[in-house]
Amino acid sequence: MPDQQLRIDRCVCHDVTFERALEVAKGRSLSLDQLADELGCTTGCGSCEPYLRRCLATGQVVFHEIIED
Ligand code: FES
């Protein structure tokens, strides 16, 4: 259930916004693994990984729900 109070828009560990990650990934056709090597996102706590996966698949860069898978 979306919660507008909740705003998840970045990899907190590496302070990389999903918008920036998407830009980098799209510009150079990077996979999630390549993006992780490049920007560090997903290599800390890993909790941004499902968001980044969805971000790359759909272009969504701001989330209002918890995604755990
Ligand atoms: S939030 Fe991205 S690795 Fe922790």
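Where is Gly59 found? Gly59 sits in the segment after H3, and we'll come back to it once the helices are in place. Keep in mind that this is a predicted model.

## The core

Start in the middle. The largest nonpolar core has 12 residues. Among them are Val16, Phe18, Ala21 and Ala25, along with Leu35, Ala36, Tyr51 and Leu52. Cysteines turn up in this core too: Cys11, Cys41, Cys48 and Cys55. The elements that give two or more residues to the core are helix H1 (18-28), helix H2 (32-39) and helix H3 (49-58).

Setting aside its neighbours within four places in sequence, Phe18 is in contact with Asp9, Arg10, Tyr51, Leu52, Cys55 and Val61.

## Helix H1

Which residues of H1 are buried? They are Phe18, Ala21 and Ala25. Because their arc around the axis is only 60 degrees, these residues end up on the same side of H1.

As for the buried residues of H1, what covers them includes strand S1 (10-11), strand S2 (16-17), H2 and H3.

H3 can be read in a similar way. Its buried residues are Tyr51, Leu52 and Cys55. Their arc around the axis is only 95 degrees, so they fall on the same side of H3. The face turned away from that buried side carries the exposed residues Ala57 and Thr58. The buried residues of H3 pack against H1 and H2.

How do H1 and H3 cross, and at what angle? Their axes come within 10 Å and cross at roughly 50 degrees, which means H1 is oblique to H3. The crossing is right-handed. On the H1 side the residues involved are Phe18, Ala21, Leu22 and Ala25, and they meet Tyr51, Leu52, Cys55 and Leu56 in H3.

Buried or exposed: which is Ser29, and which is Thr42? Ser29 counts as exposed because it has 7 C-beta neighbours inside 10 Å. Thr42 has 24 C-beta neighbours inside 10 Å, so Thr42 counts as buried.

## Back to Gly59

Now for the residue we opened with. Gly59 follows H3 and has a positive phi, near 85 degrees. Gly59 counts as exposed because it has 11 other C-beta atoms within 10 Å, and the cut-off for exposed is 12 or fewer.

How far apart are Gly59 and Phe18, in sequence and in space? They are 41 residues apart in sequence and 9.1 Å apart in space, C-alpha to C-alpha. Phe18 itself is one of the buried residues of H1.

Notes: Residues numbered from 1 in each chain as written. Predicted model: local features only at pLDDT ≥ 70, side-chain atom pairs only at ≥ 80, totals over all residues. Core = buried A, V, L, I, M, F, W, Y, C linked by C-beta atoms within 7 Å. Buried ≥ 20, exposed ≤ 12 C-beta atoms within 10 Å, placed from the backbone. Helix = DSSP H or I, 4+ residues; strand = E, 2+ residues; numbered from the N terminus. Contact = placed C-beta atoms within 7 Å. Arc of directions from axis to C-beta. Axes fitted to C-alpha atoms, helices over the stretch in contact; angles between N-to-C directions. Parallel < 35°, antiparallel > 145°, perpendicular 65-115°, else oblique. Left-handed = near helix turned anticlockwise from the far one by under 90°.
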